[in-house]
Structures are given as C-alpha cells and as structure tokens.
Amino acid sequence: MIEFLRRIFAGSPPSADTAKERLRLVLMTDHLALGPEIVEAMKRDLVDVISRHVEVDREHIEVTFERQDRVLALLANVPILSVNRPSPPPSDGSPPTRPRRKRARRKAAAPSAPAEAAAGT
Amino acid sequence: MSARKIVITSGKGGVGKTTTTVNLGAALATAGKRVILVDADIGLRNLDLVLGLEKRIVFDLVEVAEGRCQLRQALIRDKRFPALSLLPASQTRDKDAVTQEQFSALIDQAARVCDYVLIDSPAGIEGGFRNAIAGAAEAIVVTTPEVSAIRDADRVVGKLADRALPIRLIVNRLRPEMVHAGDMLCVDDVCEVLQVELLGIIPDDEEIIDTTNRGEPLVLDDSKRLGAIYRKIARRLEGEIVPFTSFNNGLRQGLFSRLFAGLKAG
C-alpha cells in the first residue's frame with residue numbers, strides 16, 4: 001500500500017513501462033550494430049556524395065552511431081581538405097557555395113595532391 | 001518419418017532451459033511420444049542431474065560422435081517414462097570436442113529412432129550454441145520477463161532467424177502479481193519486443209526447486225501446478241490449439257482504477 005501511494009504521489013511510471021522503453025531502445029541499437037561491411041559501404045557512399053561538392057580526406061572519416069533521446073543518430077565526421085570541387089560543377093548557374101568549414105579538420109598545409117578519390121574504389 | 005528436431009535455447013544462462021527441456025520432454029513422453037533429450041552443454045552437463053539420471057551415465061555424446069560407442073549404448077532410458085531417453089554430454093571434454101557436422105549427424109541419427117529430439121543448448125552464442133542449433137530444425141527460446149534475459153533472447157532470435165529456423169517463445173518465471181502491479185513486464189510486452197510467436201507461459205513457482213532437488217520431472221506428479229502447464233505446452237507443440245492460462249496477462253490499470261482498487265483494498 002505504501003508503495004502504491006508512493007507511486008501515485010511521486011508520479012513515477014511503473015517499472016515495467018520503464019523496462020519496456022529501455023529494451024525498445026537498446027534493441028534498436030543492438031539491431032543497428034551493423035556489420036562492418038555495411039558501415040564501410042555506407043561510408044563510401046557518403047563520401048562519394050560529399051566529394052561531388054568538396055574534396056574530403058578519405059583516410060580520416062569517422063562514422064559512428066549515437067543514441068540521442070529517442071532516436072539513433074548517425075554521426076559522420078568528414079574532414080574537408082579543400083572546398084574546391086574536385087570536378088567542374090554542372091553548369092546549372094547555381095551560386096557558388098560559401099566555404100563553410102564546420103567540423104573540418106584541416107590537414108597539414110596544402111592539400112596533398114588532389115587525389116581523385118571517387119575513382120578507383 | 002523423421003523426428004522433430006527442436007533446440008531449446010536462451011542466450012542468457014539460468015533462465016530455465018534445462019528445466020524446460022526436462023519437463024517438456026517428460027510431458028511429450030507421457031503423451032506417448034518417443035523423446036530423446038540431448039545435452040549439448042559439453043563440459044557443463046546438467047540435464048542428467050535435473051532429470052535424475054546422473055548415476056546411470058556410461059557413455060556420452062562425445063564418445064558417440066567419435067565413434068567409440070553406438071548411439072544406443074549411450075542413450076539412457078528413463079524408467080519412469082519408458083518413451084524418454086537421455087543422451088548425456090561429456091563432463092570432462094570441452095565445447096570444441098565435437099564439430100557442427102558431427103553434432104548434426106548425431107542429431108539426425110537420434111531422429112531416426114524417436115518422434116522428438118529436444119536439444120538443450122548451452123548459454124551464450126559461441127561454439128556450443130552453434131553446435132546445438134546446427135542439428136535443429138526448429139527452436140524454442142526461453143526467457144524470463146527481465147531486461148537482460150530479453151536482450152539476450154533477442155540476440156539469439158537473430159541468430160536463429162539467420163538460419164531460417166522457426167522460433168517459438170516460452171516466458172518462464174512469470175510473477176502474475178508483479179505484472180499486475182506494473183512491476184514486471186507482461187507476456188504481451190515480451191512478445192511484442194521480441195516479435196516471436198508465444199508457445200508457453202510458465203509462472204514462477206517454488207515447486208520447481210523442490211522437484212529439481214529430487215531429480216524428478218514435475219510432470220510425474222499430477223498434483224503439481226506446473227505439470228499441467230508443461231503438458232499444455234506439449235500439446236501446442238503437437239499442433240493443438242490450447243488457450244493460454246490467464247495470469248492477468250497484460251492487465252495494466254490506469255491511475256484511477258488503481259486508486260479505486262487501492263481504496264477498496266484499504
């Protein structure tokens with residue numbers, strides 16, 4: 001009875017509900033513990049898309065998963081070497097993008113040879 | 001016709017795999033089925049002890065796999081249930097003493113001389129588990145309504161699904177009064193989280209400790225509460241539609257009804 005009153009007045013949810021919610025989240029993370037080959041493939045595709053616009057450091061890309069609140073987030077840390085597009089942009093007359101360097105970890109001084117990243121692999 | 005080959009597994013240890021194997025096997029044997037129980041926990045055998053046949057072991061599964069004896073020499077017939085036999089694990093060898101191929105071959109061999117082969121899997125998802133599921137065509141996952149057991153069960157369900165084994169779930173050690181109070185996950189929640197078809201609900205009952213102490217399957221004694229439950233599960237395995245016993249499953253009260261109930265109780 002004391003437990004019952006405490007629960008009513010404290011307003012804490014029944015622990016079974018908490019258990020269910022915690023399980024739901026942890027299993028979501030477990031299921032998303034993707035195989036390394038899938039993460040690699042995803043990384044490759046991401047980089048290919050980003051590389052169309054800026055030159056990125058392929059060697060130092062980090063892709064991780066993190067639980068934020070109720071959802072699982074994919075965090076990609078993609079160091080940008082140069083905002084010069086590796087290939088000429090499609091001439092659609094779009095305004096040049098502003099060089100934004102959020103999260104960009106600039107490597108050394110000059111971009112070491114604009115290795116054509118998208119080719120080869 | 002070949003036997004049904006069913007692995008009983010859980011991921012987490014101590015949730016009741018061996019007890020379930022013994023009592024389900026005994027229930028099937030009582031219903032006239034020829035049953036072979038296989039202890040796949042090489043190095044940590046216990047099925048013999050829970051079944052009460054530990055003194056009668058001569059040969060074990062590893063010796064059969066290595067061709068040092070015949071399967072029928074290693075099988076121990078349970079005198080209380082003439083249709084029930086045990087193939088014990090080795091206690092002195094370790095998990096990699098038998099390969100998956102050897103294990104599968106052994107299960108197939110056993111399946112030729114009975115109606116049901118129940119394989120008691122070791123805990124974990126390593127070699128011993130892989131052996132245990134290698135020879136099976138169906139799986140029963142045992143869990144308790146606790147977060148750790150359910151998470152491990154989920155992992156095992158994934159492994160079994162990879163092998164395309166049909167899976168059914170037994171929720172063990174349910175405490176209806178705790179479910180009623182909202183202090184324990186209800187069976188519906190467990191099934192929803194795991195997305196597996198339900199085969200049975202076994203309430204927590206001290207009977208089981210007493211009968212395990214003696215090495216007597218509950219099913220032997222008609223007065224035991226749990227005996228009837230295992231017999232129902234056996235009937236479901238046979239394809240019969242048997243309604244689940246209501247343990248106030250899923251009964252969850254809102255604040256007002258709870259307050260009202262509290263006032264009445266008070």
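Which residue stands opposite I8(B) in β5(B)? I8(B) faces D120(B) there, and the sections below place this pair within the predicted model.

## Basis of the description

This is a predicted model, in which local features need pLDDT of at least 70 and side-chain atom pairs count only at pLDDT 80 or more, while totals for chains, interfaces and linings use all residues. Residues are numbered from 1 along each chain as its sequence is written, and chains are lettered from A and ligands numbered from 1 in the order in which they are written.

Helices (H or I, at least four residues) and strands (E, at least two) are DSSP runs, numbered from the N terminus. Two strands pair if DSSP finds at least two bridges between them.

## The sheet of chain B

Chain B contains an open sheet of eight strands with mixed pairing, in the order β3-β4-β2-β5-β1-β6-β7-β8. Its edge strands are β3 (76-77) and β8 (197-203) of chain B, each of which pairs on one side only. Helix α1 (residues 17-30) of chain B packs on the sheet and touches β1 (4-9), β2, β4, β5 (116-120), β6 (138-143) and β7 (167-174) of chain B. Contact here requires C-beta atoms, placed from the backbone, to lie within 7 Å. The direction of α1 makes about 170° with that of β5(B); axes are lines fitted to C-alpha atoms, for helices over the stretch in contact, and angles run from 0 to 180 degrees between N-to-C directions.

Several pairings can be followed residue by residue. β1(B) runs parallel to β5(B), joined by five bridges, and β1(B) also pairs with β6(B) in the parallel sense over four bridges. In this second pairing, I6(B) stands opposite E138(B) and I8(B) stands opposite I140(B). β6(B) in turn pairs with β7(B) in the parallel sense over five bridges, with A139(B) opposite I167(B). Elsewhere, β2 (residues 35-39) and β4 (residues 84-87) of chain B form a parallel pair over four bridges, where I36(B) is opposite S85(B).

## Burial and the nonpolar cores

A residue is buried if 20 or more other C-beta atoms lie within 10 Å of its own, exposed if 12 or fewer, and partly exposed in between, with C-beta atoms placed from the backbone. Because five of its six residues are buried, β1(B) is largely enclosed by the rest of the structure. β6(B) is mostly covered, with five of its six residues buried.

A nonpolar core is a set of buried Ala, Val, Leu, Ile, Met, Phe, Trp, Tyr and Cys residues joined through C-beta atoms within 7 Å. The largest such core has 85 residues, and V35(B), V38(B), V117(B), L118(B), I119(B) and V141(B) touch the most other members. Not counting residues up to four places away in sequence, V141(B) touches T9(B), S10(B), A153(B), V156(B), V157(B), I167(B), L169(B) and V196(B). A second, separate core of five residues includes V47(A), V56(A), V78(A) and I80(A).

Helix α7 (residues 147-162) of chain B has 16 residues and reaches 23 Å from its first C-alpha to its last, close to the 22 Å expected at 1.5 Å a residue. That expected span is 1.5 Å times one less than the number of residues. The buried residues of α7(B) include A149(B), I150(B), D152(B) and A153(B). Their cover includes α2 (15-31) of chain A, together with β1, α6 (127-134), β6, β7 and α9 of chain B. Helix α9 (residues 187-194) of chain B lies across β6, β7 and β8 of chain B, at about 145° to β7(B).

## A buried loop residue

V98(B) is found in the loop between β4 and α5 (100-111) of chain B. V98(B) counts as buried because it has 25 C-beta neighbours inside 10 Å. Leaving aside neighbours within four places in sequence, V98(B) is in contact with I42(B), V62(B), A65(B), F103(B) and N131(B).

## Chain A and its confidence

Chain A has three helices and four strands, arranged along the sequence as α-α-α-β-β-β-β. Buried residues make up 7% of its 121 residues.

The pLDDT is the predictor's confidence in each residue, from 0 to 100. Chain A averages 69, and 51% of the residues score at least 70. Confidence in this chain is lowest in helix α1 (residues 2-10) of chain A, at a mean of 60, and highest in strand β1 (residues 55-56) of chain A, at 90. Over residues 95-121 of chain A the pLDDT is below 50, and this stretch has 22 contacts in the model beyond near neighbours in sequence. Where pLDDT is low, the predicted coordinates should not be read in detail.

How values were computed
Contact = placed C-beta atoms within 7 Å.
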